[in-house]
Amino acid sequence: MSAPMPAAAFVAAAVQPDGACAPHELAGLLDRYPGVTMLSLDCFDTLLWRDSHAPTDVFAALPGVLPSQRMAGESRARQLAKAARGVLDVSLDMIYGAIMPRADTRARGLAIAAELAAETRHCHAFAPVVALMREARWRKIKVIIVSDTYFDQRQLLQLIGDAAGADVAALIDQVFCSSSFGRPKSAGLYQDVLARVKARPDQILHIGDNHKADVIGVRPFGVHTVHLVQFEPDVAKQLRMESTIATMLFGVGHGVLTHPQPHRAALALGSPQESNPARRLGQGVLGPLFFGFDTWLRQEATVLANDGGQVHWLFMMRDGFLPMRVHHAIGATNSAHDIEISRLTATFASITGDAALIRLLADQALTTAPALGRLLRLDDATVERVCGTLAPVPARAALEQWCLDPANRRRIVADARALRARLIAHIRRAVDPAPGDTLMLVDLGYNGSVQSLIGPVLAAELKVTVAGRYLLLRETEVSGLDKRGLIDQRHLDHVALDTMVGNVAVLEQLSTTAIGSVIDYADDGTPIRAANSIKPGQGEIREQIQAGCIDFLRHQGDASIRAGVADDHDRHWREACAAAMTRLMFLPLQSEIATITAFEHDLNLGSDQTVALFDKAAARRGLRQKGLIYQKGTRRMFVPAELADEGMPVRLANFASIRFGSEMTFGDVGDGGATVPVVLAKPEGEVQGVCSARPTHDGFHAVCIPLGRERYPVAVQIGAAGHHIEVETIIAVPTCEYLHTRPNMASRETAVAPLLDGIVEYAPRLWQCQSAYAFALLQPPAMSDVDDLMLVMVYRVLGV
């Protein structure tokens with residue numbers, strides 16, 4: 001081994017400029033170095049890329065060796081080698097000697113072979129680097145590999161050939177491994193390389209992804225260096241968060257690859273070429289998701305075709321629009337069509353008789369009279385005549401009784417039969433299946449309600465098989481129908497599925513198209529739609545997002561070269577899709593939030609009502625009032641986006657509590673031990689006591705004073721809490737609604753104006769307490785219809 005280069009040389013080199021390039025810029029790189037006769041490449045994350053987030057994720061796929069044992073063994077081997085021989089790098093044989101100190105040579109050899117096999121299954125070549133190697137050989141430029149690795153030359157060359165193909169391995173003239181020389185590039189390995197190649201330093205171009213090793217460690221020898229920047233910062237952050245989410249969804253298994261991310265190379269290639277935030281969102285998140293979905297759908301269609309008859313892909317509009325675009329962009333199958341069946345039309349068409357109508361009324365027990373009227377296609381005049389001025393609950397009961405009248409039942413069933421005929425005509429208009437064919441309904445999911453409602457009818461009337469294939473499936477009943485999801489109960493527990501379903505609205509709004517929901521059909525099956533209630537600007541942004549999704553498909557095809565496909569490659573894509581989708585739902589990037597900040601979600605079911613996907617201002621108020629439990633009281637559909645400014649601890653706590661089905665109450669999460677004295681002013685005399693001041697968020701505390709049916713004034717001795725006080729809110733609210741956080745709770749809140757004693761209000765909600773006995777007198781509102789009234793004062797102490 002040659003003597004190490006003086007440290008001073010490395011220090012001097014650190015201040016010199018160096019080149020850097022994004023993956024897509026590799027194609028023209030050799031033109032910038034006309035005198036080069038040798039191309040030197042790092043191996044891992046330059047030529048060979050793994051399908052996982054981190055190199056150590058492959059250790060989980062090793063049979064008989066735990067990842068912790070593998071990492072600890074490598075650490076021990078390095079410590080021993082440094083102490084015994086003064087070397088800084090070790091071989092795989094030395095590592096397994098430390099892992100298996102009492103095993104014989106044969107056993108260690110089998111373990112080493114197993115690790116090589118695992119790396120082979122989970123590695124692929126990065127296509128732009130292979131293209132650069134081919135160009136170099138065409139220009140008569142030699143290609144060498146210089147790698148910091150525990151593999152030796154034979155093992156590394158074998159791995160490259162087995163993972164990327166013999167033709168890729170044949171492009172390499174020489175291989176240099178740090179384990180063979182006892183030191184990495186950062187400690188002078190390139191000095192040993194230069195002693196063994198026939199080229200001057202200024203004739204060599206070295207490229208690698210590790211700036212410290214491949215630039216700082218190589219450039220002092222006079223070699224041209226280029227830093228291959230794998231990922232832009234936001235993409236690197238996205239992948240880190242996807243890895244975190246994957247662990248919380250799937251845990252850390254043994255014998256399989258952990259944190260699979262087979263889309264890494266495509267993101268590295270495509271993201272630097274796109275500056276539009278909307279297209280980047282589509283490319284980085286929806287692209288991998290719907291590529292994985294379409295790949296799975298093709299496999300499912302092949303299986304269905306084995307049962308005989310043609311498989312017709314029916315993409316369910318509106319949410320099936322983007323899956324259909326992706327399918328056509330990749331290459332459509334023989335029979336792929338879009339159809340429009342909404343829950344509204346499917347629900348009414350499913351009324352095949354009196355029993356079906358009675359079952360529907362039972363299922364819709366909580367539906368208001370106006371909504372039920374729309375569902376049953378009753379005119380407004382009929383609903384008004386039946387319900388009149390009745391309160392909501394009696395009105396609902398009256399309308400149900402009207403529906404059960406025999407004459408009215410017959411009318412409803414007849415109308416449903418007519419709609420069903422028009423719906424069948426709509427299907428035939430798109431595709432005229434032969435008896436024995438299969439209709440494969442393609443949708444995002446999540447319950448497959450339309451299939452449950454209308455699938456048996458289609459099967460009976462068209463004499464076909466109906467199969468539902470969904471991106472995400474979590475059925476609310478054991479339907480017994482042919483339903484499967486790319487992600488379903490076969491892959492995740494029901495709590496994890498519920499976690500994803502709860503925020504699926506954001507995915508729906510990114511995948512849909514700018515048409516109104518179908519409400520009826522003409523006699524020839526032409527869909528009749530409601531007006532589109534979504535703002536035009538939202539549709540324009542969504543189009544850009546979907547265009548970015550299509551861009552990903554091209555980059556996926558251009559990014560990787562594989563000699564074979566691992567047996568569990570399907571699992572890789574499934575877990576990667578689940579992690580990517582859930583990461584968007586719970587840990588969206590600031591750029592993603594900014595892109596969809598004005599998005600709304602339409603509620604469908606014949607209504608033109610929309611709700612905001614998220615509202616950061618409302619979230620801040622809710623957090624200060626109750627902490628994370630505020631989310632249970634909102635109808636907004638993308639609540640985790642509201643937490644983007646609250647820091648990662650809050651965001652991860654939110655995800656963990658939902659993903660693991662935490663049953664903690666407001667009292668559990670707000671147990672801080674602080675109290676505030678209160679005095680209840682009753683006619684018979686004052687009642688003194690203390691109330692807990694429960695921490696909520698941002699240093700705020702909530703003092704909750706239960707009054708029940710009483711409406712006596714309450715003095716809150718806030719001066720005991722601190723000298724300077726910021727008051728967030730003072731409200732009266734039904735106790736059950738505050739503690740159990742029911743939807744629409746805000747409509748029952750009543751603001752309470754305090755009378756201050758010993759307090760100077762310097763600005764709205766900013767108080768200075770003159771003494772520890774300063775208090776705010778609260779007079780509860782009448783609210784005669786509330787039996788369990790509570791006063792809530794939310795405050796925080798400023799300063800010491």
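The axes of α13 (residues 277–305) and α24 (residues 536–559) come within 6 Å and cross at roughly 55°, where axes are lines fitted to C-alpha atoms, for helices over the stretch in contact, and angles run from 0 to 180 degrees between N-to-C directions. The contact, defined by heavy atoms within 4.5 Å, involves A278, R279, L281, G282, Q283, L286, G287, P288, F290 and F291 of α13, together with I541, Q544, I545, A547, G548, C549, D551, F552, L553, H555 and Q556 of α24.

The model is predicted, with local features requiring pLDDT of at least 70 and side-chain atom pairs counted only at pLDDT 80 or more, whereas totals for chains, interfaces and linings use all residues. Residues are numbered from 1 along each chain as its sequence is written, and side-chain values use heavy atoms, with hydrogens and water left out.

Strand β2 (residues 38–41) is covered on both faces, M38 and S40 on one side and L39 and L41 on the other all being buried, that is, under 20% relative accessible area with a 1.4 Å probe and protein chains only. β2 runs parallel to strand β5 (residues 142–147), to which 4 bridges join it, and likewise pairs in the parallel sense with strand β7 (residues 204–208) over 4 bridges, pairing being assigned if DSSP finds at least two bridges between two strands. S40 has I144 as its bridge partner in β5 and stands opposite H206 in β7.

Methods
Helix = DSSP H or I, 4+ residues; strand = E, 2+ residues; numbered from the N terminus. Buried < 20%, exposed > 50% of the residue type's maximum accessible area, 1.4 Å probe, protein only.
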